[in-house]
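I opened this model to go through it one topic at a time. These are my notes, in the order I looked things up.

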Amino acid sequence: MPQIAHTIAVVGGTGPQGRGLAYRFARHGHDVVVGSRSAERAAETAAEIRDRGITGQVSGAANADAAAGADVVVLAVPYEGHDELVASLADALAEKVLISCVNPLGFDQHGPYGLDVSESAAESAARLVPTARVTGAFHHVSAVTLWGPEEFLSHEDVLVVGDDTEAVDLVCDLAATVTGRPGVKGGRLRLARQLEPLTAVLISINKAYKTRSGVAISGVEGR
Ligand SMILES: NC(=O)c1ccc[n+]([C@@H]2O[C@H](COP(=O)([O-])OP(=O)(O)OC[C@H]3O[C@@H](n4cnc5c(N)ncnc54)[C@H](OP(=O)(O)O)[C@@H]3O)[C@@H](O)[C@H]2O)c1
C-alpha cells in the first residue's frame, strides 16, 4: 500500500495510455476514477481494470465528474482537441495536481516527429487552468508495457517536470507505482517542450529494434 493513497482521475482513461496508468495506480493501492466523454465507456474500462485483480477502488465517470472527485488528475488524451477539452474541464481541474502525459506528435512518410508547437501540452494546460498544479510525466512509458504483467517496469524512469515543487514530489512518489522507484525531477514545466517530442525518438527506436523502449537515467541511484 502507498504511504498516502490518492484518488486519481484519468481523463481519457478509456484509451490505452490512460487505462494502463489507471491499472498501475490501482494495482499499487490508489483509488482510480476512469474518465471518458461517455460515462458508460468509462464504466466498461473500469470493470476491465478491476477484472485484473487490483487493490485500489476503480470506478468510471464522465470526465468532469471524475476530475471533480479526485485530488490528482491525469490528462491522457490526444493532443488534437486537448485545449478544447481542458478548457471545458477548467472548473473541475482548478487547484488539482494535474499530470499531463500528452505528446504533440505528427507522423508522415519518414515516421514520427514532434509537432512545431508554441508551447508544450503541459504548458497549455497550465495556461488554461491557472490554479492547477501542473506537472508533465509518464510521456515515455508505453501503453502496452503498462498493461503488461510485470510488477514494476523496473528498467525505466519516469521524468517529472513542473513548477510546483510539492506537486512534483507527489508525482515522483506516484511514479514508483509504475517503475518501483521514484520519478526523476527533470526541471521546470517549460522543459515539457523537450520531454514531449522525445517520444518520437522512442517510437523510432521501437521500429528499428522491434522493441518497446523507455528512458532510464544514470547518476540518480539512491534517490
Ligand atoms: N499510447 C501510448 O503508448 C502513449 C505513451 C505515452 C504517452 N501517450 C500520450 O497519452 C495520450 C493518450 O494516448 P492514447 O494512445 O491512450 O490515446 P487515444 O487512445 O487516442 O485517446 C485516449 C482517449 O481520449 C479520448 N479522446 C479521444 N479524442 C478526444 C477528443 N478530441 N477530445 C476529448 N477526448 C478525446 C478517448 O476517450 P473517450 O472517447 O472515452 O472520451 C480516448 O479513448 C496521448 O497524448 C499520447 O501522446 C501515449
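I call a residue buried when its relative accessible area is under 20%, exposed when it is over 50%, and partly exposed in between. The model is predicted.

**Glu123.** I began with this residue. Its relative accessibility is 13%. Glu123 is therefore buried, as 13% falls under the 20% limit. I then looked for its charged partner. Glu123 forms a salt bridge with Arg193, and the closest N and O atoms are 2.7 Å apart. I noted where the two ends sit: Glu123 is in helix α6 (residues 121-128) and Arg193 is in helix α9. They are 70 residues apart, so I logged the pair as a link between distant parts of the chain. Arg193 is partly exposed, with a relative accessible area of 42%.

**Other salt bridges.** How many salt bridges are there by this rule? I get ten. I looked up Arg19 next. Arg19 pairs with Glu48, with the closest N and O atoms at 2.8 Å. This pair also joins distant parts of the chain, from Arg19 in helix α1 (residues 16-27) to Glu48 in helix α2 (residues 39-50). The separation is 29 residues. Arg19 counts as buried at 18%. Glu48 is partly exposed at 34%.

Then I turned to Arg127. Its salt bridge goes to Glu119, and the closest N and O atoms are 2.4 Å apart. Is Glu119 buried or exposed? It is buried, with a relative accessibility of 16%. Arg127 is partly exposed, at 46%.

**Nonpolar cores.** The largest nonpolar core has 36 residues. Which of them touch the most other members? Phe25 and Phe138 do. I listed the elements that each supply at least two residues to this core: β1 (7-11), α1, β2 (31-36), α2, β4 (72-75), β5 (97-100) and α8 (165-179). α8 gives the most, with eight residues.

I checked the surroundings of Phe25. Leaving aside neighbours within four places in sequence, Phe25 is in contact with Ile8, His30, Val32, Val74, Phe138, Leu174, Thr177 and Val178. Another core, of 31 residues, lies apart from the largest one. Its members include Val102, Ala122, Val129 and Leu195.

**Ligand surroundings.** I count 21 residues around the ligand. The closest are Thr14, Ser36, Arg37, Arg41 and Val77. From the side chain of Thr14, an N or O atom is 2.6 Å from a ligand oxygen. In the side chain of Ser36, an N or O atom is 2.5 Å from a ligand oxygen. Gln17 uses its backbone: an N or O atom there lies 3.0 Å from an oxygen atom of the ligand.

I keep one rule in mind here. Most residues other than glycine have a negative phi. Glu95 has a positive phi of about 65 degrees although it is not a glycine. I place Glu95 in the loop between α5 (90-93) and β5. Glu95 is exposed, at 62% relative accessibility. Lys210 also has a positive phi, near 45 degrees. Lys210 lies in the segment after α9. With 76% relative accessibility, Lys210 counts as exposed.

**Ser213.** I stayed in the segment after α9 (192-209), where Ser213 lies. Is Ser213 buried or exposed? It is buried, with a relative accessible area of 14%. Leaving aside neighbours within four places in sequence, Ser213 touches His140, Leu202, Ile205 and Asn206.

**Record check.** Last, I compared with UniProt. An unreviewed entry there lists residues 7-104 as "domain: Pyrroline-5-carboxylate reductase catalytic N-terminal". In the model, that span is 42% helix and 24% strand. Its end C-alpha atoms lie 27 Å apart.

Terms used: Residues numbered from 1 in each chain as written. Predicted model: local features only at pLDDT ≥ 70, side-chain atom pairs only at ≥ 80, totals over all residues. Heavy atoms only, no water. Helix = DSSP H or I, 4+ residues; strand = E, 2+ residues; numbered from the N terminus. Buried < 20%, exposed > 50% of the residue type's maximum accessible area, 1.4 Å probe, protein only. Contact = heavy atoms within 4.5 Å. Salt bridge = Lys/Arg side-chain N within 4 Å of Asp/Glu carboxyl O. UniProt positions renumbered as here; feature names shortened; annotations may be inferred. Core = buried A, V, L, I, M, F, W, Y, C linked by side-chain atoms within 4.5 Å. Near = heavy atom within 4 Å. Polar contact = N/O pair within 3.5 Å; in protein donor to acceptor, adjacent residues only side chain to side chain.
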